[in-house]
Amino acid sequence: MGHQGHYFAAGPAALPAPVKQQIQDDILHYQDTSISILELGHRSEAFTNILNQARHYMRALYAIPDNYQILFVQGGATLHFDAVPLNLLGSYTCATYIDTGLWSAKAARSAQKYIQVETFNGLQSQAGRQSCIDPSEWVIHPDSAYVHFTPNETVDGINCANPIKSPVPVVADMTSCLLMRELNVADFGCIYSGAQKTLGIAGLSVVIVRDDLLDRVHASTPELCRYDLHAQHQSIVNTSPVFACYVMQLMLQWVSEQGGVSAMVAASRQRAKIIYEAIDANECWSNTVAPENRSVINAVFQGQSQAHVEKLLTQAEACGLTGLQGHRKVGGVRVSMYNGTPLCAVEKLADMIGSIRL
Ligand code: PMP
């Protein structure tokens with residue numbers, strides 16, 4: 001199967017073919033150095049250029065204002081479930097967490113070690129359909145250091161709109177939607193994302209944080225979790241995950257060349273339309289999320305029976321379509337469609353979803 005296949009896993013996830021080809025070349029010799037990208041030192045000029053370029057692309061892609069730092073931090077998004085409260089607590093006593101699914105709940109549980117967490121249930125259920133409560137109706141505790149939400153719930157397949165206005169800084173876990181969603185960065189205090197879904201490979205995370213929030217860090221925060229230190233040292237605090245940073249820079253360049261975030265969003269909508277139409281047209285499948293809150297990135301659905309699910313997964317695998325197993329906590333099928341997922345792969349899979357019968 002191998003190279004003919006298409007990969008729909010939730011993350012680590014499919015990378016665009018040209019990015020993988022570039023990586024292949026650079027594994028032996030990186031640009032005009034005589035060494036592999038795998039051997040490149042984190043204090044080298046070539047690596048400084050990689051980070052500078054990555055920052056440059058990221059700033060341009062989202063028109064990030066000058067009073068925001070772009071940080072590259074070793075480790076995944078889970079690290080920031082602890083780092084966010086430690087960095088942003090200041091003299092506040094509580095933070096509000098909007099609960100919309102598995103990942104937002106996990107972030108809230110981690111934060112409880114450091115602060116009083118006020119949880120607001122961001123979902124409602126009507127006529128068997130789940131929908132998100134509009135951010136304008138979130139109840140945010142007035143003493144909150146920040147309000148945390150998860151715009152794209154990767155496991156539950158739920159998409160929640162960005163808040164436009166908030167009395168306290170908004171913190172967003174954008175692990176499965178950064179570079180796939182329009183944003184006005186100025187509406188946020190802090191955005192974080194693991195790299196392995198939409199902008200590269202595992203081992204690296206990106207933090208975009210407003211300057212004035214950097215003086216709130218708790219004194220006992222581990223150095224590698226301190227956003228202020230990362231800002232001060234241009235993200236080279238210790239040995240950087242050089243290869244992961246390099247892949248991220250290639251991804252940012254690729255997204256820019258494709259037309260930027262708006263092009264990614266348009267491609268994403270197109271993929272999602274094809275997949276959800278196939279799900280809705282076949283009564284073997286059910287998805288209980290209200291159409292306006294369905295994730296365009298992770299389509300999650302259940303079969304009438306486990307046999308339907310197994311039939312689809314087996315048939316798909318035989319055709320080289322893999323990574324479709326639902327998350328172990330929710331079962332069913334999950335189709336993850338990130339920036340590296342070609343439309344032809346989605347069309348092929350949609351035909352199969354539409355044709356399954358028992
Ligand atoms: N938040 C979200 C929304 C995610 O999808 C994930 C990973 N699936 C995480 C956090 C955890 O990321 P990591 O494994 O990089 O810690």
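**View 1. His-230 in helix α5 of a predicted model.** His-230 counts as buried because its relative accessibility is 3%; buried means under 20% relative accessible area, exposed over 50%, and partly exposed in between, with a 1.4 Å probe and protein chains only. This residue is found in helix α5, residues 227–232. Helices (H or I, at least four residues) and strands (E, at least two) are DSSP runs, numbered from the N terminus. The side chain of His-230 reaches the backbone oxygen of Arg-226 at 3.1 Å. Such a polar contact is a pair of N or O atoms within 3.5 Å; within protein, one must be able to donate a hydrogen and the other to accept it, and residues adjacent in sequence count only if both atoms are side-chain atoms. Leaving aside neighbours within four places in sequence, His-230 is in contact (heavy atoms within 4.5 Å) with residues including Leu-71, Phe-72 and Val-73. The model is predicted: local features need pLDDT of at least 70, side-chain atom pairs count only at pLDDT 80 or more, and totals for chains, interfaces and linings use all residues. Residues are numbered from 1 along each chain as its sequence is written, and side-chain values use heavy atoms, with hydrogens and water left out.

**View 2. The surroundings of the ligand.** Among the residues that surround the ligand are Gly-76, Phe-81, Trp-103 and Asp-173; a residue is near a molecule or strand if one of its heavy atoms lies within 4 Å of it. One oxygen atom of the ligand is 3.0 Å from a polar backbone atom of Ala-77. A polar side-chain atom of Thr-154 lies 2.4 Å from an oxygen atom of the ligand. For Lys-197, an N or O atom in the side chain is 2.8 Å from a nitrogen atom of the ligand.

**View 3. Arg-334 in strand β16.** Arg-334 is found in strand β16, residues 333–336. The residue is buried yet has no salt bridge, and the nearest side chain of opposite charge, Asp-156, is 7.9 Å away. A salt bridge is a side-chain nitrogen of Lys or Arg within 4 Å of a carboxyl oxygen of Asp or Glu. For charge, Lys and Arg count as positive and Asp and Glu as negative, while His and the chain ends are not counted. The side chain of Arg-334 reaches the backbone oxygen of Thr-154 at 2.9 Å.

**View 4. The salt bridge between Lys-113 and Asp-82.** The side chains of Lys-113 and Asp-82 meet in a salt bridge, 2.7 Å from N to O. This pair links distant parts of the chain: Lys-113 lies in the loop between α4 (102–111) and β4 (116–121), and Asp-82 in helix α3 (residues 77–88), 31 residues apart. Lys-113 is exposed, with a relative accessible area of 57%, whereas Asp-82 counts as buried at 17% relative accessibility.

**View 5. Helix α2 and its buried residues.** Helix α2 (residues 45–61) has 17 residues and reaches 24 Å from its first C-alpha to its last, close to the 24 Å expected at 1.5 Å a residue; the expected span is 1.5 Å times one less than the number of residues. Its buried residues include Phe-47, Ile-50, Leu-51 and Tyr-57. The buried residues of α2 pack against β2 (68–74), β12 (204–210), α6 (242–258) and α7 (260–281). Just after α2, Ala-63 takes a positive phi of about 45°.
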